[in-house]
There are 2 protein chains.
Amino acid sequence: MSFRYELVQQRGRTRRGRIHTPHGIIETPEFLPVGTQATVKALTPPQLRECGVQGLLANTYHLYLRPGSELVEKMGGLHRFMQWPGPIMTDSGGFQAFSLGAGREHGVGKIGGVFPGSNAKKPRGAVLPNMVKISEEGVRFRSHLDGSSHLLTPESSIRIQEELGADMILAFDECTSPLADKAYTENSLERTHRWALRCLEARRDTPQALYGILQGGAYPDLRQRTLDFMVPLPWQGFAVGGSLGKTKEEMHQVLDWTVPGLPDDKPRHLLGIGEFEDLFEGVARGIDTFDCVIPTRFARNGHVFVKPGTPGRSPRGTWNLLNARFRDLDQPIQSDCACYACQNFSLAYLRHLHKADEILAYTLGSMHNLHFLLTLMGDMRQALEEDRFETFRQSFFAPAS
Amino acid sequence: MSFRYELVQQRGRTRRGRIHTPHGIIETPEFLPVGTQATVKALTPPQLRECGVQGLLANTYHLYLRPGSELVEKMGGLHRFMQWPGPIMTDSGGFQAFSLGAGREHGVGKIGGVFPGSNAKKPRGAVLPNMVKISEEGVRFRSHLDGSSHLLTPESSIRIQEELGADMILAFDECTSPLADKAYTENSLERTHRWALRCLEARRDTPQALYGILQGGAYPDLRQRTLDFMVPLPWQGFAVGGSLGKTKEEMHQVLDWTVPGLPDDKPRHLLGIGEFEDLFEGVARGIDTFDCVIPTRFARNGHVFVKPGTPGRSPRGTWNLLNARFRDLDQPIQSDCACYACQNFSLAYLRHLHKADEILAYTLGSMHNLHFLLTLMGDMRQALEEDRFETFRQSFFAPAS
């Protein structure tokens with residue numbers, strides 16, 4: 001099956017769609033969990049299916065460094081290598097090259113954080129940032145694994161992603177810091193545009209869909225400029241990336257400036273975003289797919305999603321399983337949750353597994369968090385179909401009665 | 001269903017049997033994987049079933065310290081707590097109190113190693129061994145988790161095991177060192193006998209089967225003495241424990257001295273043993289069940305079982321997945337293995353997961369190793385039924401043709 005986006009229904013700026021890929025369909029809007037190193041951490045492919053996963057995102061930077069994209073290609077591509085039969089997206093590798101490449105400060109993020117070109121203070125003890133070098137050619141960085149030097153260019157990013165063989169691949173871009181000034185952001189945007197043309201030129205005739213990435217920081221005129229430049233180009237989809245501002249409000253504003261300018265017949269991905277509020281805000285603004293490490297990373301830290309209004313819920317929407325009050329609770333995380341963890345195990349057991357650093361804790365927590373988030377996305381799709389998205393959003397965030 | 005051992009067939013010293021427990025049947029001879037902290041590491045209960053697991057062993061010492069046996073009882077017992085519906089055995093906690101209790105040297109084992117009463121040199125830097133104190137009353141030790149002081153007695157071990165609620169529980173004993181001299185071993189044996197009587201006295205009216213433990217080190221007269229004392233007592237089964245000698249040959253000798261003196265109508269467990277050769281030697285001598293951490297621990301270290309005669313097989317029967325020669329091998333660990341890992345994943349992928357320290361590596365390796373070992377036990381049972389156990393043993397260890 002060749003790649004195409006099917007617009008099932010459009011109401012205002014919201015849309016309910018269907019992404020057809022060579023490896024099956026993604027009903028949208030949908031969340032794609034992250035399988036950084038060709039595995040969604042702690043879960044088998046059948047467990048991913050059980051959680052309701054339709055598609056996932058793998059990281060080009062990590063897989064290029066280890067095990068190497070030529071190896072993955074030799075093994076028949078990512079789908080066969082990791083035995084995930086459904087749709088896969090890969091990112092361009094740029095974001096991780098900037099943020100993980102040796103010499104970069106840690107703690108960077110899509111919102112806030114410290115980045116090349118930023119005017120923020122360098123943290124104490126950080127290695128010189130000039131170990132990541134951006135030039136017209138591409139990005140030279142050192143591997144976070146062994147310090148070896150690598151050059152990632154638009155051409156090599158496309159080639160690596162073709163070797164990995166995902167269904168959806170992303171153009172190579174620079175993801176600027178939310179703290180970068182306008183001059184830096186503008187220069188970077190122009191280079192990202194030149195890189196975009198090189199990506200289109202470099203791509204070979206594969207069944208892969210190539211998404212263009214829209215940068216421009218939190219500057220409305222730059223966001224408009226990138227729309228003017230990118231939309232006419234022959235992308236199969238678009239990803240909203242890069243600096244999404246310093247706050248959630250700025251991120252929503254970036255979406256307001258960007259998404260309305262995108263064509264109806266191509267899918268839109270929002271990179272690296274996965275908190276509840278942001279998913280709702282993205283869907284309300286016409287985003288089709290999201291990816292984020294949050295559900296699985298939270299789970300490994302003992303944080304599991306609970307509904308808004310649940311007593312003791314953290315600002316990030318979770319319970320901390322290590323909390324002493326769960327010690328002898330003979331009930332699941334959520335009694336009305338259909339996930340494998342909630343159908344079988346008590347909070348007391350989950351807490352015990354976390355206290356004892358048992359691997360099963362990570363598996364069960366990840367299953368709950370993915371199931372929770374993907375059920376939410378399914379509920380959003382149904383609400384869109386039934387023209388009650390805003391009501392659903394309000395009820396989701398309403399305090400428990 | 002109440003506990004009983006069904007002798008299906010006896011030939012020479014070998015036997016094919018069936019242990020009926022309140023939580024189902026164990027076809028014997030069989031291997032029980034270890035779920036130390038109420039979880040067989042990295043596997044869900046359905047995955048255990050998929051590997052062919054019939055029953056498992058959990059550790060009283062660990063569960064007493066964390067999460068606490070009262071808590072497990074409050075949660076409905078181990079079966080419900082960990083959602084393992086099949087038979088469970090717990091050990092007495094003694095072995096771990098001696099070997100893990102703060103102040104003990106590390107590196108102890110059922111064969112060889114360093115133990116209380118041993119005349120071996122104390123390793124450099126070891127804490128004073130008198131932090132584990134054995135008295136007539138029981139064993140006082142410090143928790144390896146927080147250094148807190150605990151007293152384990154025959155009465156408390158039985159009470160803890162009743163709270164945990166396993167189907168098969170073990171009498172409290174001292175597991176002497178293979179290096180202990182005869183005087184120490186003899187004194188310890190006499191105390192273990194007095195403890196045995198206290199265990200029988202302490203047990204309440206539960207559906208649990210209480211196994212007596214046969215100690216006596218590598219001394220034939222002590223092994224005979226313990227048979228004379230223990231066999232007439234009202235145990236539902238027997239475990240051969242403690243020092244099994246300094247070498248594998250001494251262990252087999254201990255079995256030769258012990259097993260023939262046991263009654264035909266009660267099951268026999270061999271504690272903490274799980275290497276291929278030892279499983280065959282045990283089955284040949286009439287052992288019904290075994291337990292050992294080897295298959296799951298090996299898997300987490302990247303070592304997976306392969307058949308004897310497989311090129312590059314280590315003396316312990318494994319391949320090391322981290323080996324560079326697996327880097328680009330697009331074939332499973334064993335093409336004729338029916339386990340989930342071999343049915344789906346290449347050696348190249350398994351090696352990648354291990355190199356990347358991915359949790360899925362531990363899950364897949366554990367599935368393979370358990371499936372491998374339990375298939376072997378099933379093949380042994382079939383060979384026993386078809387009166388070709390010795391032929392099967394020889395063919396198993398024969399070089400690949």
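In chain A of this predicted model, three strands form an open sheet in the order E7-E8-E9, with antiparallel pairing. Strands are DSSP runs of E with at least two residues, helices are runs of H or I with at least four, and both are numbered from the N terminus. Two strands pair if DSSP finds at least two bridges between them. Strands E7 (133-134) and E9 (149-152) of chain A stand at the edges; each has a single partner strand, so one side of each lacks a neighbour in the sheet. Strand E8 (residues 139-142) of chain A pairs with E9(A) over 4 bridges, in the antiparallel sense. A:Phe141 has A:His150 in E9(A) as its bridge partner.

Residues are numbered from 1 along each chain as its sequence is written, while chains are lettered from A and ligands numbered from 1 in the order in which they are written. Local features need pLDDT of at least 70, side-chain atom pairs count only at pLDDT 80 or more, and totals for chains, interfaces and linings use all residues.

Chain A superposes on chain B through a rotation of 180° with 0.0 Å of shift along the axis (RMSD 0.0 Å). This is the relation of a two-fold axis. The superposition is by least squares on the C-alpha atoms of residues with pLDDT of at least 70 in both copies. Of the residues of chain A, A:Ile359 comes closest to the rotation axis, with its C-alpha at 3.7 Å.

Residues are in contact if their C-beta atoms, placed from the backbone, lie within 7 Å. Ala, Val, Leu, Ile, Met, Phe, Trp, Tyr, Cys and Pro count as nonpolar, Asp, Glu, Lys and Arg as charged, and the others, Gly among them, as polar. The copies meet through the same surface, because 100% of the interface residues of chain A are also interface residues in chain B.

In chain B, helices H8 (residues 220-230) and H9 (residues 248-258) pack at about 40°, with their axes 9 Å apart. Axes are lines fitted to C-alpha atoms, for helices over the stretch in contact, and angles run from 0 to 180 degrees between N-to-C directions. B:Pro220, B:Arg223, B:Gln224 and B:Leu227 of H8(B) meet B:Val254, B:Trp257 and B:Thr258 of H9(B). This contact has 4 nonpolar, 2 polar and 1 charged residues.

Methods
Contact = placed C-beta atoms within 7 Å.
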